[in-house]
Amino acid sequence: MPLLLSRAFCFFHSRSRSSMAHLSTSSTIVKQKVRRLKGVVFDMDGTLTVPVIDFPAMYKSVLGEQEYASIRAQNPSGIDILHHIESWSPDKQQKAYDIIADFERQGLERLQIMPGAAELCGFLDSKKIRRGLITRNVKAAVDLFHQRFGMTFSPALSREFRPYKPDPAPLLYMCGTWDVHPTEVIMVGDCLQDDVACGKRAGAHTCLLDETGRYNSPEFDSVDFKPDFKVSSLTEVCSLLEENFDLIPES
């Protein structure tokens, strides 16, 4: 195991355990400054960029209508399609990857930045807070995002980094690269299953972006991982960070 990743996993095993009793409809759950913050890690699709991929259509194309309905009923927080197809035969798996790649290519043609993303990045730059990116999309999508919108996230880990989220490995690797403890980082994303789970498993703070309020539904009350914070737009994140953390510039 690489030194940075090994050190990061040590952080993971030493983290303190804290959990939230329920999802809050307000922008913040924690009301006081509890820890210093040195880095913010973002999801890309649906967080930094406007969601443009029709995921239900993609899943149905990969799984078929009947299997999709069955799996969806058992997983209200979402389907981990990449994990699901790992057990398939190589030929069947390749066909699935081709379908996924086609949907992703169509999404790239309509790529748009999420409202508030540029302002949030400017705020982090003014505070000299590191920012990174972890996505289950491919590197080509990350490269296009950087080129089109002039924002740089480093590290920027795509699907080619294994294991991908919700495994904590990419976030722990990032903490090791930055030489910071996971409790000095917050993971911001729009998915409980991928982003919040990844952050929680790594020992980081988590912020769920829920634009439509879909996660207020009772069906999500019993999920394994719940966010420390919840916002309805990226424009709320600046004040959230200032109110709840001591922002420590990168050294």
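**Pockets, a cavity and helix packing**

Visitor: How many nonpolar, polar and charged residues are in the lining of the largest pocket?
Guide: Please keep in mind that this is a predicted model. The largest pocket has a volume of about 1000 Å³, and 43 residues line this pocket. Sorted by class, that lining has 21 nonpolar, 9 polar and 13 charged residues.

Visitor: Which residues that line the largest pocket are the closest to its centre?
Guide: Several helices give two or more residues to the lining of the largest pocket, among them H2 (55-63), H5 (90-109) and H9 (192-202). Of the 43 lining residues, the closest to the centre of the pocket are Asp45, Phe55, Tyr59, Asp190 and Cys191.

Visitor: How are H2 and H5 oriented to each other, roughly parallel or roughly antiparallel?
Guide: The axes of these two helices, H2 and H5, come within 9 Å and cross at roughly 160 degrees, and their crossing is right-handed. An angle over 145 degrees counts as roughly antiparallel. H2 and H5 are therefore roughly antiparallel.

Visitor: Which residues of H5 make the contact with H2?
Guide: On the side of H2, the contact is made by Ala57, Met58, Ser61 and Val62. By class, the residues of the contact of H2 with H5 divide into 7 nonpolar, 1 polar and no charged. The residues that H5 brings to this contact are Ala96, Ile99, Ile100 and Phe103.

Visitor: Which residues in H9 does H8 meet?
Guide: H8 passes H9 in a right-handed crossing, and the contact of H8 with H9 has 5 nonpolar, 1 polar and no charged residues. From H8 come Pro170, Leu171 and Leu172, and the residues they meet in H9 are Cys198, Gly199 and Ala202.

Visitor: What volume does the largest cavity have?
Guide: Among the residues that line the largest cavity are Ile134, Arg136, Phe161, Lys165 and Pro170. The residues of its lining divide into 6 nonpolar, 2 polar and 2 charged. The volume of the largest cavity is about 30 Å³.

Methods:
Residues are numbered from 1 along each chain as its sequence is written. This is a predicted model: local features need pLDDT of at least 70, side-chain atom pairs count only at pLDDT 80 or more; totals for chains, interfaces and linings use all residues. Side-chain values use heavy atoms; hydrogens and water are left out. On a 1 Å grid over the protein atoms alone, a cavity is a set of points where a 1.4 Å probe fits but cannot get out, and a pocket is an open set with protein on both sides within 12 Å along at least five of seven lines; lining residues have an atom within 4 Å of a point. Grid points are joined across faces, edges and corners, and a volume is the space filled by probe spheres set on the points. Helices (H or I, at least four residues) and strands (E, at least two) are DSSP runs, numbered from the N terminus. Ala, Val, Leu, Ile, Met, Phe, Trp, Tyr, Cys and Pro count as nonpolar, Asp, Glu, Lys and Arg as charged, and the others, Gly among them, as polar. Axes are lines fitted to C-alpha atoms, for helices over the stretch in contact, and angles run from 0 to 180 degrees between N-to-C directions. Angles under 35 degrees count as roughly parallel, over 145 as roughly antiparallel, 65 to 115 as roughly perpendicular and the rest as oblique. A crossing is left-handed if the near helix is turned anticlockwise from the far one by less than a right angle, and right-handed if clockwise. Contact means heavy atoms within 4.5 Å.
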